[in-house]
Amino acid sequence: MTAYVIGDVEITNPEGYEEYRPHVPATVEKYGGKYLVRGGAAEPVEGSWAPQRLVVLEFASMERVKEWYNSPEYTAIRGIRIGNSNSNVIFVDGI
């Protein structure tokens, strides 16, 4: 079953975040993932959620999501994102 990573990222240190950004796509691709949303304009229509930078990744399964997230490649750079942004990230099964 397809699974997704949904992230809402508020970049707090743009210069530091730039150290992270160029390295992520190769890690996503290596684990069979692909970007569906990567930034871009978000238009809230209900509720109070106002995402800063919305990212949606698609993987073949929840197992692949977790393999990517916990992989040596992503683990090596994940701290850069965490240190230079405020992020909310969830994993969700598709249908």
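Before the close-ups, one term: a residue is buried when its relative accessible area is under 20%, exposed when over 50%, and partly exposed in between, using a 1.4 Å probe and protein chains only. The model shown is predicted, with local features needing pLDDT of at least 70 and side-chain atom pairs counted only at pLDDT 80 or more, while totals for chains, interfaces and linings use all residues. Numbering runs from 1 along each chain as its sequence is written, and side-chain values use heavy atoms, leaving out hydrogens and water.

View 1. Rings of Phe, Tyr and Trp (its six-membered ring) pair if their centres lie within 6.5 Å; planes under 30 degrees apart are stacked, over 60 edge-to-face, and the rest tilted. The structure has 7 such aromatic pairs. Helices (H or I, at least four residues) and strands (E, at least two) are DSSP runs, numbered from the N terminus. Ring pairs also join Tyr69 and Phe91 into a cluster with Tyr17, Tyr20, Phe59, Trp68 and Tyr74.

**View 2. Arg78 sits at the kink in α4.** The helix bends by about 30 degrees here, centred on Arg78; the bend is the angle between axes fitted to the seven residues ending at a residue and the seven starting there. The charged end of Arg78 also sits over the ring of Tyr69, 4.2 Å from its centre. For that label, NZ of Lys or CZ of Arg must be within 6 Å of the ring centre and within 35 degrees of the ring normal. Arg78 is one of the buried residues of α4, along with Tyr74, Ile77, Arg81 and Asn84. Those buried residues pack against β1, α1 (14-17), α2, α3 and β4.

**View 3. Trp68 belongs to the largest nonpolar core.** A nonpolar core is a set of buried Ala, Val, Leu, Ile, Met, Phe, Trp, Tyr and Cys residues joined through side-chain atoms within 4.5 Å. At least two residues each come from β1 (3-11), α2 (24-30), β3, α3 (62-69) and α4 (72-84). Contact means heavy atoms within 4.5 Å. Setting aside neighbours within four places in sequence, Trp68 is in contact with residues including Val5, Thr27, Tyr31 and Tyr74.

**View 4. Lys30 reaches Glu73.** Lys30 lies in helix α2 and counts as exposed because its relative accessible area is 52%. Its side chain makes a 2.5 Å polar contact with that of Glu73. A polar contact is a pair of N or O atoms within 3.5 Å; within protein, one must be able to donate a hydrogen and the other to accept it, and residues adjacent in sequence count only if both atoms are side-chain atoms. The C-alpha atoms of Lys30 and Glu73 are separated by 9.3 Å, although the residues are 43 apart along the chain.

**View 5. Glu58 pairs up with Tyr4.** Glu58 is in strand β3 (residues 54-59), and a polar contact of 3.1 Å links its side chain to that of Tyr4.
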